[in-house]
Structure formats: structure tokens, C-alpha cells
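Visitor: I have a structure to look through with you. Could we go over it piece by piece?

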Amino acid sequence: MIRVTLSALLGHWFCNPLQLFTLLSGLALATALWSGVQAINAEARASYDAAAATLGEGQFDRLTRRDGQPILQETYVQLRRAGWLVSPVIEGRIDGTRIIGIEPLTAPGGLAPTALHDTGSLSRFAQGEVIAAPDTALDIEGVARDPAIAPDTAIGDIGTVQNLLGRLGEIDTLIVAPVQPRSQPQLAEIAPDLQRHAAQSGSDVGRLTDSFHLNLTAFGLLSFAVGIFIVHGAIGLAFEQRRGTLRTLRALGTPLRLLIVLMGVELMTLALFAGVLGVGLGYLVAGLLLPDVAATLRGLYGAEVSGTLQLRPIWWLSGMAIALGGTGLAASGALWKLSRLPLLAGAQPRALANAAGQGARVQGIIALALLVVALILAFTASGIIAGFALLAAMLIGAALALPLVLSAILTAASNRATGVVSSWFWADTRQQLPGLSLALMALLLAMAANVGVSTMVSSFRLTFVGFLDQRLASELYVNAETPAQALAIEAFAAQNADAVLPIQSVPIQIRDLPTDIYGNRDHATYRDNWKFLDSADDPWGAVHSGSGILINEQLARRAPLAIGDAVEVDGETFVISGIYGDYGNPIGQAIIDEVAFANLFPDVAPTRFGIRIDPANTSDFIENLQAETGIPKANTINQAGIKAFSLGVFDRTFTVTAALNVLTLAVAGFAILMSLLTLTAMRVPQLAPAWAMGLTRRELGYLELLRTLLLALLTALVALPLGLALAWVLLAVVNVAAFGWQLPMFVFPADYARLGGFALLAAAFAAFWPAIRLMRTPPSELLKVFSNER
Amino acid sequence: MNGKLLAILLWFPISAVAQGFAGLGTSSDGFSVPTPNATLAFPKDHGAHPEYRIEWWYITANLRDAGGADYGLQWTLFRTALSTEDGEGWPTPQLWMGHAAVTTPEAHFVTERLARGGIGQAGVTAEPFAAWIDEWEMSGDFDAPKLTANGPDFGYDMQLSAQGPIVLQGDNGYSVKSANGQASYYYSQPFYDIAGTLHLPQGDVAVTGSAWLDREWSSQPLAADQTGWDWFSLSFDDGAKMMGFQLRGNDTYTSATWIAPDGTATPLTNGAFTASPLETSDVEGRAIPTTWTVALPEKGVNVTVTAINPNAWMDTSVPYWEGPVLITGSHTGRGYLEMTGYE
């Protein structure tokens with residue numbers, strides 16, 4: 001009996017291969033979405049880590065030669081032998097790739113590549129191996145590739161790189177270890193030709209990237225939720241489509257228990273197959289989309305690739321978990337329903353959710369309760385767990401509420417409709433809604449995730465770029481070692497650059513908190529580039545009138561201080577006119593006018609200058625500056641390079657985000673297609689009367705297309721505020737809970753419009769084929785409806 | 001770069017598979033191997049032997065200040081070779097590691113240095129004698145060298161002066177380390193007087209005492225199953241000295257040298273010397289024996305050895321315990337104890 005029943009159940013798939021295909025591909029796509037997001041997520045983390053590590057080079061004090069010439073290796077040894085714990089660095093370019101030579105034994109933590117974590121690799125490194133980023137064009141024998149290295153960069157042992165660059169015995173920079181011996185001679189006694197550069201404050205971007213990682217993880221979970229919805233839809237359809245078969249089998253005497261067990265086994269087997277397919281597909285998608293295809297695929301097939309290897313089992317497990325768990329969850333509900341169906345009732349062709357007509361009220365109450373919880377949490381949530389609970393309540397509540405909201409809108413439209421056709425259209429759309437609601441929920445979550453991702457990543461980018469713009473507003477920075485040099489720089493720059501902006505600061509206390517106070521020149525550079533978290537009208541005007549002061553977020557939160565508060569600086573009172581983000585800086589910072597600064601601190605002279613100049617002229621400027629004033633090139637920092645690098649990292653993230661958008665929308669579109677295909681067959685009895693009354697099949701087809709687009713549009717309209725709320729929760733609740741500061745949120749209407757367009761396009765694609773099928777329904781089929789009724 | 005990594009590099013140069021304590025049980029392929037009946041030659045053998053994989057210059061000292069408080073001092077320079085290949089400058093396969101420590105009854109100060117060979121940052125020359133890494137040095141006449149080291153929170157400047165002859169350990173300097181015949185070249189100078197200044201956070205302290213130098217080099221001194229050792233250098237108040245160690249493995253292997261006050265050395269075979277723990281202390285989450293019963297019946301030695309500060313933990317790339325001890329029982333005196341391989 002088992003074999004007969006099984007062959008009857010499986011026979012359904014043989015007769016309807018399309019349905020088998022939709023079930024398998026629905027499951028596989030949901031799994032692919034999840035594992036693809038995981039892979040993309042990991043890649044994004046890796047590139048951020050690489051970026052942070054590269055920027056982290058500024059976290060240590062450095063020594064360079066005053067005249068800008070290379071440091072002799074003997075000087076390094078002399079310093080070490082005098083008790084100066086320094087580590088040599090040499091840098092150059094080979095085939096356009098930036099190559100850095102370090103000494104792994106003396107390099108302070110965080111400087112050496114992370115790949116050097118086993119015996120063999122460090123031994124090979126010390127004996128000549130070069131480790132390069134995967135995308136570099138570097139053509140050296142035996143070069144190893146490692147995605148943990150910053151893009152277009154290679155790292156080797158100091159000796160190896162000296163040799164490659166043909167600069168034996170030369171060193172560019174000495175990194176000063178943070179912990180030094182208890183006594184050591186003055187630098188000037190050992191190496192008078194060297195000068196010390198303080199570590200760049202505020203270069204710690206680690207906390208920014210940590211925050212980004214957390215948010216990416218949240219989106220990984222969200223894609224999991226979208227996937228679960230789609231699996232649920234696919235399994236529900238697999239039951240709907242086989243109601244007739246089940247009725248017949250039971251009428252023939254198959255025990256209910258056997259039927260349930262067999263269907264459970266069957267679905268789990270299919271889920272296993274689809275899950276494997278989906279994880280593979282996810283990797284393939286990730287591999288195709290991401291720069292490092294090879295590494296990802298190597299990870300998939302278990303090759304010994306450092307970094308990707310250890311995550312691989314988790315990806316597999318979580319991918320299979322969504323396929324099997326999602327199937328189990330969906331199937332248990334469907335099987336439970338099956339167990340309670342009257343013997344012959346199972347054959348009535350109704351759309352899945354129609355069965356739970358009175359369930360709508362329950363659904364509405366649950367949705368409302370979840371949304372109320374979300375609302376309360378929005379005001380009270382203070383921890384990460386509460387933040388994620390808020391996310392979950394909001395998303396599930398919104399998804400459950402969607403059919404009710406759409407139904408209300410359609411009812412309102414139906415009441416206003418005047419013509420016969422439009423009245424029928426609205427009523428029929430409402431009648432269709434339950435069958436499409438699962439697919440629409442998936443679309444809602446996919447859309448909301450996309451809006452959230454775009455908003456979060458773009459807000460993050462704007463914040464980070466704004467942060468860089470504040471720090472690196474000028475095209476060039478020049479350091480002076482003596483007051484005479486400072487005067488020479490100012491004089492030269494006044495002639496040869498658009499503007500010169502002296503940078504001067506003093507450590508002071510404001511409200512007993514350690515604070516660096518800066519005196520800034522009145523210049524458009526600051527007005528144009530600085531973004532404020534909160535400000536009075538014309539904050540810079542207030543500063544340059546001499547009475548205003550700008551403070552960073554850290555100081556404002558700790559003191560606490562707000563706009564309009566008065567603070568005392570060395571006996572002088574200033575009124576706060578602006579608060580700015582200062583990510584990564586552990587202490588307070590404040591800015592007053594240059595003249596006010598000079599009055600308060602007459603002994604402080606600027607030693608750094610920001611130079612505003614046409615970027616095309618920067619190299620000439622540096623050459624001429626050295627020629628005329630003797631300021632070595634090493635004292636000049638061109639910030640365009642650093643910015644370009646940071647933006648390059650973001651561009652990679654945008655590729656990733658775009659991939660995520662396409663992927664989720666494709667999956668949601670697929671869910672709509674599956675629902676529509678199932679419904680088409682059941683629709684014939686509903687459409688036949690309209691056809692009989694004079695609507696052509698073509699018109700009916702167009703109306704079907706229009707209906708799907710309308711539902712997708714309405715869903716998109718609901719998804720927009722949901723996505724924005726999602727981004728807000730991540731940026732303002734989860735981030736604050738995790739890191740203690742808020743990332744400002746920006747909105748990007750054009751992006752959302754484009755996203756909405758994509759969603760409609762996906763819906764149109766999904767509806768196109770079912771509409772065509774409808775248009776081609778033979779009149780005989782439509783006529784049969786009436787003959788059958790009689 | 002973290003210390004752990006360097007430890008791996010320093011101690012596991014060839015095989016990634018850990019064998020014995022800190023990889024000292026790895027095979028010796030390509031490197032020279034100690035042979036019996038070789039004659040050590042000085043001053044040449046005070047210098048480095050790059051054809052052997054590992055080597056150390058190891059000084060421990062028992063010190064006392066004017067008030068009678070006990071201190072311990074350690075100065076160690078390790079050399080390890082990544083390969084037998086020669087090279088000049090950075091490609092030299094020689095790596096150096098320095099450990100310095102000062103132990104007081106209340107505190108234990110440790111610091112570590114790492115350096116590449118070939119560029120002058122660290123090295124050892126036999127004539128004139130100098131062993132150095134960064135600003136740390138043991139240099140000058142081998143019988144009267146100066147000794148300096150510095151860390152973030154402590155340092156010392158010492159002057160040593162030999163009061164007796166160099167002692168060859170084992171069979172004329174050939175020291176067997178296991179029943180399978182693994183061995184090293186090993187000699188000591190246990191008769192140094194030492195005086196100088198300890199730089200401690202609470203201020204400088206003038207101290208005097210006695211120091212003991214161990215010189216050892218080999219390419220594979222331990223058997224694969226040997227996981228650690230307990231090593232004792234004991235200076236008795238009657239002028240006699242004793243070096244003894246046990247290597248813990250499937251079977252414990254012990255070896256000892258009895259050094260008469262005039263420097264006459266008597267090597268003692270496996271089993272003559274015994275050491276067994278009396279008490280353990282919880283140090284860094286590990287149970288470390290810090291009181292021992294040590295016996296050498298042939299010489300009537302039956303003593304209790306107690307750590308002056310049980311927390312003399314060397315929190316270095318390869319962590320171990322090393323600190324000054326007091327001797328009571330059949331003999332009295334002071335000494336040093338080193339214990340490795342306690343996990």
C-alpha cells in the first residue's frame with residue numbers, strides 16, 4: 001500500500017512537472033537568498049577589515065627623515081640598540097601595485113597581515129613570500145593571494161621588498177611601538193635627522209565598521225525571514241495543488257496517518273535536494289557578483305582557503321536549516337490542516353488562505369498586537385536584544401497586517417467605483433487577495449529589506465564620507481617643524497594656492513572633560529563640508545563672530561551639553577552653536593574662531609596647514625614648495641588618495657547591495673509567479689461569467705496584469721515606510737544599543753523610486769505568463785464552466 | 001603581530017606539528033647534531049653556532065639588598081634557525097628572542113624582545129665576547145661581563161665576576177636528554193658573583209649575590225614524547241653546587257651534575273637525582289608545583305626547595321615558570337627553578 005500511495009503522490013509531479021519545478025525552485029531560491037546574503041556579508045566584512053587595517057597604519061607614531069630621504073638601515077639598528085622599539089617599513093610600487101615591506105617580529109600588533117597565523121606562512125613570509133590582495137596585477141613569482149589585504153596592495157618582508165624595489169638597506173618609515181622601555185635616550189641623541197609624527201587621532205574606524213557589520217547581520221536575518229515566507233508559500237501550494245489527489249487516495253482507503261507520513265518524507269526529501277541546490281546557487285550568485293569569485297568557490301568546495309574555510313560549515317548548515325526548517329514549519333501546518341479536513345471536502349478548489357476566512361480577524365489582532373509591541377519598544381528599547389525584538393515585531397506585524405490593509409484599500413476603491421467593469425475589477429481583486437497574500441508579504445519584506453539596506457548603506461556612506469570630509473577637507477596637508485617653516489608655508493601657499501588653512505589645537509578641559517580645542521580660520525571649506533548633528537542658525541557665523549563654539553558628539557553626550565548652552569574656555573564664555581559627529585575619537589573636541597583662539601592661547605602657533613588647491617596642481621605645488629622653502633615631500637600629505645581608497649571600498653559595498661536588491665526582488669517575483677500560476681487554473685470559473693457578459697479574453701488578460709501591478713504597487717507603498725522604519729531601528733536603536741552613538745539617517749527618494757520600479761517590473765514579469773495563458777484559454781474551457789454548473 | 005605567533009615561529013621552525021614542549025622534539029633534518037667525545041673550545045664556543053637549530057645564553061641570579069630581602073634576576077638570549085641556509089642581511093634564517101625578568105617576594109616583572117639576525121640588531125660574538133638584543137647586553141670579558149636589560153616598568157644594570165672555572169655538564173659537555181639519546185652541548189659558569197642596581201617602579205635597589213650562566217645548543221634536544229622539564233640550579237651555603245633536571249615524558253628522565261666548591265664536576269646518570277612536587281600553586285589558571293623535595297642520595301642531599309614568589313610566571317611568547325628558590329633540609333642555600341610544559 002505504501003508503494004501504491006507513494007507512486008500516486010509522486011505521480012502528481014510527473015503529470016505536472018511545472019508544479020514540481022516551482023516547488024523546487026521556490027525552495028532553492030529561498031535557500032540561495034539566505035546563503036548568498038551570508039557569502040556577500042562575509043565578503044563585505046573582509047573588505048571592510050582590509051580597509052580598516054590599511055587606515056590603521058595611522059594608529060602609531062612614526063619616524064621619518066626630516067629631509068624626506070630614506071632612513072638608513074643602520075639608523076634602525078642604532079635606534080633598537082639604544083632602546084627605541086621601532087619597526088621598519090618600506091613602501092613602493094611594482095606594476096602599479098602598492099607594495100609594503102614590514103618586519104613581522106617587531107611590527108606592533110595590527111600592522112602585519114592577518115594571514116600570518118601559522119608556522120609555515122610566517123616562515124615563508126620571512127623567507128621571501130609576498131602576500132597580495134586578490135585583484136592586484138602584481139606579477140611576482142610565488143605571490144600568495146589573500147582577501148584580507150587591502151585592494152591593490154601587497155605586503156612582504158622588509159628584506160624581500162627592499163630587494164624587489166632595488167632599495168637594499170633603505171627604510172621609509174619607522175613605526176614607534178606604543179609601549180617603550182622605562183628609560184631611553186632622546187631621539188635627537190641617536191638620530192638627529194629623524195622627526196617624530198604623532199599618530200593620527202580619529203583614524204580608528206573600527207567602531208564604524210563594527211556597526212556596519214552588525215547591521216549586515218541584521219539583514220542576513222531579514223533575508224532569512226523572507227526566505228521562510230517563500231518556503232511557506234511553496235509548500236502551501238504543493239498541498240493546494242494536490243487536494244484532488246489526496247481526496248481520491250483517502251476515498252480509496254489510504255489511512256490518514258500513512259498519507260501524512262509519506263507526504264512529510266516526500267517533502268523533506270525534496271527540501272533536502274532543493275536546499276543543496278540552493279546553497280550551491282547562493283554561492284554561485286555570490287561568486288558571480290563579488291570580485292573574488294575564486295575564493296568564494298574555493299570555500300564552497302572546501303579547498304584550503306584561509307578565512308573562508310572556517311565559515312563554510314556554518315553556511316551549509318544555515319542554508320540547509322532554512323530549507324528543511326522552513327519546509328518542516330510550513331508542512332506541519334498544512335499536514336495538520338489535512339488531518340482535520342472532512343474526507344471529501346479536500347477536493348474543493350480553493351486558494352490556500354481562503355480556507356481561513358474567519359482567520360482574518362485573528363490575523364488582524366495578532367498584527368495589531370505586534371505593531372503595538374513594536375511601537376512601545378521603539379520608545380523604550382535600550383539593548384541589542386530589545387532592538388532585534390523591535391525589528392521582529394515590526395516586520396512580522398507589518399507582514400500580517402498587509403492583507404488587511406490591502407483589503408481595506410480595495411474595499412474603499414470598490415465603494416467608489418461607478419462603472420460595471422470597474423466595480424467587478426475591484427471586487428474580483430479583493431476576492432483574489434487571499435491567494436496572493438503570502439507572495440505579497442514576501443514582496444513586502446523584500447521591498448522593506450531593500451529600502452532598509454539602501455538607506456542604511458547610503459547613510460553609512462554619507463556619514464563616513466562626511467567624516468572624511470571634515471578631517472580631510474583640504475586637498476593637501478603640510479606639516480611645519482619650526483615657526484620659520486610655518487611662516488614660509490603660509491607665504492608660499494598664499495601665492496600659489498587657493499587658500500591656506502592653519503590647523504592649531506590645544507588640549508584643555510571643558511566641564512572637566514579632556515578636550516582638544518581648535519582655532520579655525522573663517523573659510524568656505526568648513527561651511528561647505530562640515531555636517532552637523534544639531535546646530536543653531538548659521539553655526540559658523542556664530543563661531544566667527546567670536547562668541548560661538550562647536551563641539552563634537554562625544555562631548556555633548558558626556559557633559560551633557562546642547563545647542564545654546566554656554567561653556568567656559570580659559571575664563572572666556574562661548575555659546576554652543578553646533579554639534580558634529582566625530583566618529584572614533586575617544587575624547588572631546590571643540591572649535592572656536594582663529595582670532596578668539598589666538599587671544600586665549602597666544603603661545604600656540606599652527607604647525608599644520610590645510611591647502612586648498614586645484615587637485616590637478618597638487619604635484620606641482622609639492623615640487624615647488626620643496627624647491628622654494630625646503631619643506632620635504634614627506635611633510636606633505638595628499639588626502640585625495642586616502643579618500644579615493646575609502647570610496648572604492650564603498651563602491652564594492654554598493655555592488656553588493658545592488659546584488660542583494662536584485663536577488664530579493666527576483667525571489668519575491670518568483671513567489672508571485674508561483675501564486676498566480678496556481679490561481680490561474682482556479683480562476684476560470686470566476687472569469688467565465690465576465691467573459692460571457694462581453695469582456696474579451698484579451699481584456700481579461702490585461703485586467704489580470706493590471707491587477708497584479710496594482711497589488712504590487714500598493715505593497716510597495718506600504719513597504720516604503722516599513723523599510724524606512726527598519727533602517728531607523730537599525731541606525732538609531734540597535735546601533736545606539738551596541739555602540740553608544742547614533743548614525744544619522746538620510747533618505748534617498750530617487751533610490752526608492754527606482755526600487756519601486758524594479759518591484760513593479762518583477763511583478764509584471766511574474767504576471768505576464770499567467771495573463772498570456774488566460775488570454776489563450778479556449779472558449780470551450782470557459783463554456784464548460786456553465787455546463788458543469790448545470 | 002602577537003607573541004603567540006612569534007612563539008610558533010621561533011619554536012616550530014620546520015614542523016607545524018607540535019612535538020614535545022615548544023617543538024623542541026622536532027626532527028633535526030639538515031642541522032648539525034651533537035656527538036659524544038667532542039671537545040668544547042673556548043672562547044670560540046661562547047659564540048653562536050648557527051649550524052645548530054637552537055641555542056641559548058641563560059643567566060639566573062639570586063640577589064639580596066642591604067635590608068636582606070631576596071630577589072631573583074633572569075637574562076636570556078635564545079637563538080633559533082629557520083633553516084640551514086646561509087644568507088646575509090634580512091634573508092639570514094636566524095631569529096633571536098630575549099627574556100628578562102626580576103622577581104621580588106611580592107612581584108614578578110617580565111619582558112620580551114624579538115629580533116632578526118643578519119642586520120646587527122641581535123647576535124653573539126665570541127671574541128670579544130658580546131651577546132645582545134636591542135639595548136640589552138651581556139658583554140665584556142667572559143669572566144667579568146656587564147649585564148643589562150630594560151622593560152616598560154623595570155630594568156637592571158649588573159656587573160658579573162667569575163669566582164671559579166667553567167663547568168662542563170654531562171659527559172664533557174655532551175648532555176643526554178632522553179633514553180633514546182637526544183642530546184645537547186651544555187656548559188655552565190655557576191661561580192659568578194654579581195652586583196648592581198635593579199630599576200623597579202618603587203625606585204632603584206642596590207643588590208649583590210651570585211649568578212649562574214647556562215650555555216646550551218642543539219638541534220633536537222628532546223624526545224617527541226617529552227612534554228616539559230623541571231630544572232634546578234642550586235647553590236649551597238657550603239660552596240657546593242648542583243644542577244639537576246627531570247624531563248617529563250612517557251618515562252621521566254633525570255640528569256644531574258654535582259659541582260664541588262673548587263669546580264670539580266661529577267656527572268650523575270639517569271635516576272640518581274629525584275625531584276617530586278610537595279605543593280602546587282594556582283598560577284595563571286594552572287597548577288604549578290612551587291615546593292619540591294629534591295634528593296641526590298649519592299651526595300647526601302635531601303632538601304626542600306621553595307619558591308620565593310610562587311607567581312614567577314613568564315608570560316612570554318612561550319610561557320613558563322622561572323624564579324628564585326630557597327633551600328632547606330640537609331643543605332641550605334639559594335637557587336633557581338625553571339618549569340616548562342605545565343598546561
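Guide: A definition first: two strands pair if DSSP finds at least two bridges between them. Strand 5 (residues 130-132) of chain A and strand 6 of chain A are joined by two bridges and run parallel. Please note that this is a predicted model.

Visitor: Which residue is the bridge partner of Ala132(A) in strand 6 of chain A?

Guide: The partner of Ala132(A) there is Arg145(A).

Visitor: What sheet do the eight strands of chain A form, and in what order?

Guide: The eight strands make an open sheet of mixed pairing, in the order 6-5-7-4-3-9-1-10. Strand 6 (144-145) and strand 10 (194-197) of chain A are the edge strands, each pairing on one side only.

Visitor: Which strands does helix 3 of chain A touch as it packs on the sheet?

Guide: Helix 3 (residues 73-81) of chain A touches strand 3 (86-94) and strand 9 (173-176) of chain A, and its direction makes about 160° with that of strand 3 of chain A. Helix 5 (residues 158-165) of chain A lies across strand 3, strand 4 (97-102), strand 5 and strand 7 (153-157) of chain A. Relative to strand 4 of chain A, helix 5 of chain A runs at about 135°.

Visitor: Let us change topic. How many residues has the largest nonpolar core?

Guide: That core has 107 residues, and those with the most contacts inside it include Ala442(A), Leu444(A), Met447(A) and Val667(A). Helix 14 (residues 420-471) of chain A supplies the largest share, 21 residues.

Visitor: What is Val667(A) in contact with, leaving aside its neighbours within four places in sequence?

Guide: Val667(A) is then in contact with Leu29(A), Ala30(A), Leu33(A), Val226(A), Ile230(A) and Ala446(A). There is also a second, separate core of 96 residues, which includes Phe125(A) as well as Leu63(B), Tyr71(B) and Trp96(B).

Visitor: And helix 20 of chain A: which of its residues are buried?

Guide: They are Phe621(A), Ile622(A) and Leu625(A). Seen down the axis of helix 20 of chain A, these buried residues fall within an arc of 100°, so they line one face of the helix. In general, an α-helix has 3.6 residues a turn, so residues three or four places apart point the same way.

Visitor: What covers the buried residues of helix 20 of chain A, and which exposed residues does the face turned away carry?

Guide: The cover includes strand 11 (476-479), helix 15 (483-496) and strand 21 (636-638) of chain A. The face turned away from the buried side carries the exposed residues Ser619(A), Asp620(A), Glu623(A) and Ala627(A). Just after helix 20 of chain A, Gly630(A) takes a positive phi of about 75°.

Visitor: Is Asp537(A) buried or exposed?

Guide: Asp537(A) counts as exposed because it has 7 C-beta neighbours inside 10 Å, and the cut-off for exposed is 12 or fewer. Asp537(A) sits in the loop between strand 15 (534-535) and helix 17 (539-544) of chain A. Its C-alpha atom is separated by 7.8 Å from that of Ser577(A), 40 residues apart along the chain.

Visitor: Lastly, chain B. How many residues lie between strand 5 and strand 6 of chain B in their hairpin?

Guide: Four residues lie between them. Strand 5 (residues 122-125) and strand 6 (residues 130-133) of chain B pair in the antiparallel sense over four bridges, and Val124(B) stands opposite Ala131(B).

Visitor: And where does Asp134(B) take a positive phi?

Guide: Asp134(B) does so, near 50°, in the hairpin of strand 6 and strand 7 of chain B, which has two residues between the strands. In that antiparallel pairing, which extends over four bridges, Ile133(B) stands opposite Trp136(B).

How values were computed: Residues are numbered from 1 along each chain as its sequence is written. Chains are lettered from A and ligands numbered from 1 in the order in which they are written. This is a predicted model: local features need pLDDT of at least 70, side-chain atom pairs count only at pLDDT 80 or more; totals for chains, interfaces and linings use all residues. A residue is buried if 20 or more other C-beta atoms lie within 10 Å of its own, exposed if 12 or fewer, and partly exposed in between; C-beta atoms are placed from the backbone. The arc is that of the directions from the helix axis to the C-beta atoms. Two residues are in contact if their C-beta atoms, placed from the backbone, lie within 7 Å. Axes are lines fitted to C-alpha atoms, for helices over the stretch in contact, and angles run from 0 to 180 degrees between N-to-C directions. A nonpolar core is a set of buried Ala, Val, Leu, Ile, Met, Phe, Trp, Tyr and Cys residues joined through C-beta atoms within 7 Å.
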